[in-house]
Amino acid sequence: METKRFSNQEIEAAAAALRDGQLVAFPTETVYGLGADATNETAVKQVYQAKGRPSDNPLIVHVADVETVTTLTEPLSEAAKKLMAAFWPGSLTMIFKLKPNVLSKAVTGGLDTAAFRFPANKTTLALIKALGRPMVGPSANTSGKPSPTTADHVLHDLSGKIAGVVDDGPTKVGVESTVLDMSTDQPAILRPGAVTPEQIEAVIKQTVATEVHKVGAKETPKAPGMKYKHYAPAAQVYIVNDGDWQSALDWAGQQPVQIGLMATKERLAGLQLPTNVEVFELGQNVTTASHLLFAGLRHFDDEGEIKDILAEGFPASGLGLAYMNRLKKSAGNVFFTTSQI
Ligand code: TXA
Ligand code: MG
């Protein structure tokens, strides 16, 4: 199959392919998603195949209006309505209890809930409206790899496996949406993202749970995606905290091979780099670092020769919570210390 690159002017053609049961990747402000008509079970099943995604990991349902959500779900709480008003369209995904039999098992993974997201990207809102149905959309990467933040990343992973990708340039945020479970009495963040716990609490005047239970391979986790290896480049990533840069670079300089390094300009300005270190800059701060994190991991994957990457750690607060969540997964939770390598 030849995968077409649609411009953001070719929405009708992309929507026609979706209506026809084909898969089309789409931009959002967070990362690119892999779209299929949520009401077409055969098409939804192909999403799992194209990504190599385990079939018990449910998909986010993307909508372009609130009404589509209310027709599928049990009555929404006041807190849910407030959050929709505050953060939709935007980078907050919310999990609600479904009415019986409204979405196929392929979408929900057999759960009685579904995750809903009203993205902020105008091109994609036009695409969903043109489709006229809700659209499933996991991140448009091969399962286990970093999420795509450009159409080229999508084509790198899925070219030949999907009908097309709508190219709307690089995504703004760079890490995926916050996933908030609203199907329980106390709302719980299952995946940190651009919308922070503090912002959510300020709107609903209620505390949200953020410490999500870690699960073993045989358990059914609350967010099924949590148990799988994620965001992993071919190289080993080592997270470097504030005080550890000098020893990390001393170690790098002693290696007989090229070492990758991902850090902000400010960080780099204070470092003496050995000649065998190849740099991918993460901009100025945690916002730009989140925007560029997946691109950096993919950059070193494409190089092929880099087997070790040193990456800058940030305090896990605000957007740093989402950044560190992704970075820890890509590193298999490995931090640089001289004794570890
Ligand atoms: O920013 C994003 O959220 C992107 C863009 C494309 O919208 N999408 C995305 O989808 O990251 P995905 O499938 O890669 O991640 C969705 C996460 C998974 O960890 C999945 O297990 C969880 O949400 N999830 C989906 N439905 C759920 C449900 N009903 N209950 C609990 N977790 C759910
Ligand atoms: Mg994903």
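The legends below describe close-up views of one predicted model.

The model is predicted, so local features need pLDDT of at least 70 and side-chain atom pairs count only at pLDDT 80 or more, while totals for chains, interfaces and linings use all residues. Residues are numbered from 1 along each chain as its sequence is written, chains are lettered from A and ligands numbered from 1 in the order in which they are written, and side-chain values use heavy atoms, with hydrogens and water left out.

**View 1. Residues of the UniProt "binding site" annotation.**
In an unreviewed entry, UniProt gives the annotation "binding site" to Arg53, Asn57, Thr113, Ser139, Ser147, Arg191 and Tyr231. These residues are spread over 179 residues of sequence and also in space, with up to 25.2 Å between C-alpha atoms. UniProt positions are given in the numbering used here, feature names are shortened, and annotations may be inferred rather than shown by experiment. The end C-alpha atoms of residues 8-195 lie 26 Å apart, and the span is 31% helix and 19% strand.

Arg53 is in the loop between helix 2 (41-51) and strand 4 (60-62); helices (H or I, at least four residues) and strands (E, at least two) are DSSP runs, numbered from the N terminus. Because its relative accessibility is 16%, Arg53 counts as buried (buried means under 20% relative accessible area, exposed over 50%, and partly exposed in between, with a 1.4 Å probe and protein chains only). Leaving out residues up to four places away in sequence, Arg53 touches Tyr48, Pro58, Leu59, Pro138 and Ser143; contact means heavy atoms within 4.5 Å.

**View 2. Surroundings of Thr113.**
Thr113 belongs to strand 6 (residues 113-117). Thr113 has 12% relative accessibility and therefore counts as buried. Its contacts, not counting residues up to four places away in sequence, are Ile95, Phe96, Lys97, Leu98, Thr108 and Ser183.

**View 3. Surroundings of Ala25.**
Ala25 is placed in strand 2 (residues 24-26). With 0% relative accessibility, Ala25 counts as buried. Not counting residues up to four places away in sequence, Ala25 touches Gly33, Leu34, Gly35, Ala140, Val154, Ile162, Gly164, Val165 and Val166. Between Ala25 and Gln246 there are 221 residues of sequence separation and 42 Å in space, C-alpha to C-alpha.

**View 4. Helix 1 against helix 6.**
Two packed helices are described by the angle between their axes and the distance between the axes. Helix 1 (residues 11-19) packs on helix 6 (residues 122-131) at an angle of about 50°, and the axes are 9 Å apart. Axes are lines fitted to C-alpha atoms, for helices over the stretch in contact, and angles run from 0 to 180 degrees between N-to-C directions. Helix 1 and helix 6 are therefore oblique to each other (angles under 35 degrees count as roughly parallel, over 145 as roughly antiparallel, 65 to 115 as roughly perpendicular and the rest as oblique). Their crossing is right-handed; a crossing is left-handed if the near helix is turned anticlockwise from the far one by less than a right angle, and right-handed if clockwise. From helix 1, Ile11, Glu12, Ala14, Ala15, Leu18 and Arg19 meet Thr123, Ala126, Leu127, Ala130 and Leu131 of helix 6. By class, this contact has eight nonpolar, one polar and two charged residues (Ala, Val, Leu, Ile, Met, Phe, Trp, Tyr, Cys and Pro count as nonpolar, Asp, Glu, Lys and Arg as charged, and the others, Gly among them, as polar).

**View 5. Helix 7 against helix 11.**
Helix 7 (residues 151-158) and helix 11 (residues 286-303) pack at about 50°, with axes 12 Å apart. The two helices are therefore oblique to each other, and the crossing of helix 7 and helix 11 is left-handed. His153, His156 and Asp157 of helix 7 meet Ala295, Arg298 and Asp302 of helix 11. One nonpolar, two polar and three charged residues make up this contact.

Most residues other than glycine have a negative phi, and most peptide bonds are trans. Trp88 and Pro89 are joined by a cis peptide bond with omega about -10°, and Pro89 is in the loop between helix 4 (78-87) and strand 5 (92-97). Lys205 has a positive phi, near 55°, and is in the loop between helix 8 (197-204) and strand 11 (236-240). Lys205 is exposed, with a relative accessible area of 70%. Asn333 also has a positive phi, near 65°, and is in the segment after helix 12 (319-330). At 49% relative accessibility, Asn333 counts as partly exposed.
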